[in-house]
Amino acid sequence: MSLTLLCMLSLLLDDDVKAWPGFLGAGANAIPPESIALEWAPDRNIAWKATLPGYGQSSPVIRGDRVWVTSVEGPLKETCHVVALDMANGKQIWKHSLESSTRVESTNYVSRAAPTPVVDASSLYVFFESGDLLALEHDGDVRWKRSLSSEIGEFKNRFGLGGSLAQTRSAIHVLVDHEGPSYLLAVAKESGKTLWKTDRASRMSWSSPAVVTVGGEPQIVVSSSGSVDGYDPATGKLLWSRDDIGGNTVTTPIPYGDGLFLVGASAGERGQFAEVAPRSNVAIRVTEQEGEFRATTLWTAERALASFASPVVHAGHAYWVNRAGVVFCFDAMTGEQKYSGRIAESCWATPLGVGDRIYFFGRRGTTTVLASGPELRKIAENRLWDPEEQRADGAGRQRDRFGGRTVYGVAAVPGSLLIRTGDTLHCVREEGVRSR
């Protein structure tokens, strides 16, 4: 994701503090060009590795000298963990564990701590697919706790829940799209009380809400299994909707200017969205006239399909990576395709744009770094673990494509890049660079 553009859309949740406050860096401070390592290997530029309890698919979040990460543990995902680590050395500062409100068999095919938390100047806000929602002080003390599955109803989704939290100044926004009664919920940060709840049509989806600025004002935008919808963050009122979209079950809307955002869609595991997905990978522009909002297609990403990774915009260009590991590059304003080409691996984590580079985090640990801009040029290819481990993971993939070691998410602040697998957090840092 482009940190320059994220900074433009920041809700001023942070000042001069180094921060990656939420999923895909929403609200992050800008990262200076080339402050992230270009090259690394198992024996080079890995500042530290932290072993995490249990297993998790969420991304880490960062504020100041701390990083937080979530996971679940046990054959029925009966224990939920929140861990705080020291950004300087990866050592555990504290761990908060809670009993899950809902017990589901833990397998490769069900989400395991998939929702990413959000953090602000006062607290960390955490959501688990069990329905447990809580706020913790930065030192680990619990401010408030709720169980949405107990209060509203258990989640019905055979692959679990994946939606990460979004935040505005005073509220967190929780998306629960599943086969049961679906909804978008706003919860007061201070008290944990419900500010509003907007019902949605039932659907199977694992996407996350995003904050998109339209005319200088925020909207909560949801792209999820058959529609793209914009909501008023103060009231939950539906402001606009598009129902001509399909295959958008995983990726998050990616803002890149006033009223502008990308939507990613996939043909689906069995090709069930093969007809609608190609015309659903689009750039959308939301405009307002006399109090009415319209969401129109700015351009369509011809021949590009998303997978688990959301499309991104960086330095004037938009990038998609499909399940085969093919990258498509477009002009972000006109939609003109600039190139397509294959990288080392397909990506489940969303790419990151910094300076003159785009980092594509291969799901099996190989990160391909491309030069940003209209020409395909590889400038680095980095392995997070050694080739023998890579081959072993490849053999496991033949048995179970969801098994083996997988890169799920990343976070970055000036000087440091964090890469998360199920049970390990890796910190990549140029030799001699301090964390703060």
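**View A. Strand 25 is covered on both faces**. In this predicted model, Val326, Phe328 and Phe330 lie on one side of strand 25, and Val327, Cys329 and Asp331 lie on the other. Each of these residues is buried. Strand 25 spans residues 326–331, and six of its six residues are buried. In a regular strand, side chains alternate between the two faces of the sheet.

**View B. Strand 24 pairs with strand 25**. Strand 24 covers residues 317–321. The two strands run antiparallel and are joined by five bridges. Tyrosine 319 has cysteine 329 of strand 25 as its bridge partner. Strands 24 and 25 form a hairpin, with four residues between them. Glycine 325 sits in the turn and has a positive phi of about 80°.

**View C. Strand 25 also pairs with strand 26**. Strand 26 holds residues 337–342. This pairing is antiparallel too, over five bridges. Valine 326 has its bridge partner, arginine 342, in strand 26. Strands 25 and 26 make a hairpin with five residues between the strands. Here glycine 335 takes a positive phi near 80°.

View D. A disulfide would need the two sulfur atoms within 2.5 Å. The count for the model is zero disulfides. Cysteine 347 is buried, because its relative accessible area is 0%. Cysteine 427 is also at 0% relative accessibility, so cysteine 427 counts as buried. The cut-off for buried is under 20%.

**View E. Strands 17 and 18 form a hairpin**. Strand 17 takes in residues 227–231, and strand 18 takes in residues 238–242. They pair in the antiparallel sense over four bridges. Aspartate 229 stands opposite serine 241 of strand 18. Six residues lie between the two strands. In the turn, glycine 236 has a positive phi of about 85°.

**View F. Serine 208 is a buried loop residue**. Its loop runs between strand 14 (194–200) and strand 15 (210–214). Serine 208 counts as buried because its relative accessibility is 2%. A polar atom of the serine 208 side chain lies 2.8 Å from the backbone nitrogen of serine 164.

**View G. Valine 126 is buried in strand 8**. Strand 8 comprises residues 123–127. The relative accessibility of valine 126 is 0%, so valine 126 counts as buried. Leucine 165 is 39 residues apart from valine 126 along the chain. The C-alpha atoms of these two residues are separated by 7.8 Å.

**View H. The second largest pocket has 18 lining residues**. Its volume is about 240 Å³. Lys77, Thr102, Val104, Glu129 and Gly160 lie nearest the centre of the pocket. The lining divides into seven nonpolar, seven polar and four charged residues.

Key: Residues numbered from 1 in each chain as written. Predicted model: local features only at pLDDT ≥ 70, side-chain atom pairs only at ≥ 80, totals over all residues. Heavy atoms only, no water. Buried < 20%, exposed > 50% of the residue type's maximum accessible area, 1.4 Å probe, protein only. 1 Å grid on protein atoms, 1.4 Å probe; cavity = no way out; pocket = protein on both sides within 12 Å on 5 of 7 lines; lining within 4 Å. Points joined across faces, edges and corners; volume = space filled by probe spheres on them. Nonpolar A, V, L, I, M, F, W, Y, C, P; charged D, E, K, R; others polar. Pairing = 2+ DSSP bridges. Polar contact = N/O pair within 3.5 Å; in protein donor to acceptor, adjacent residues only side chain to side chain.
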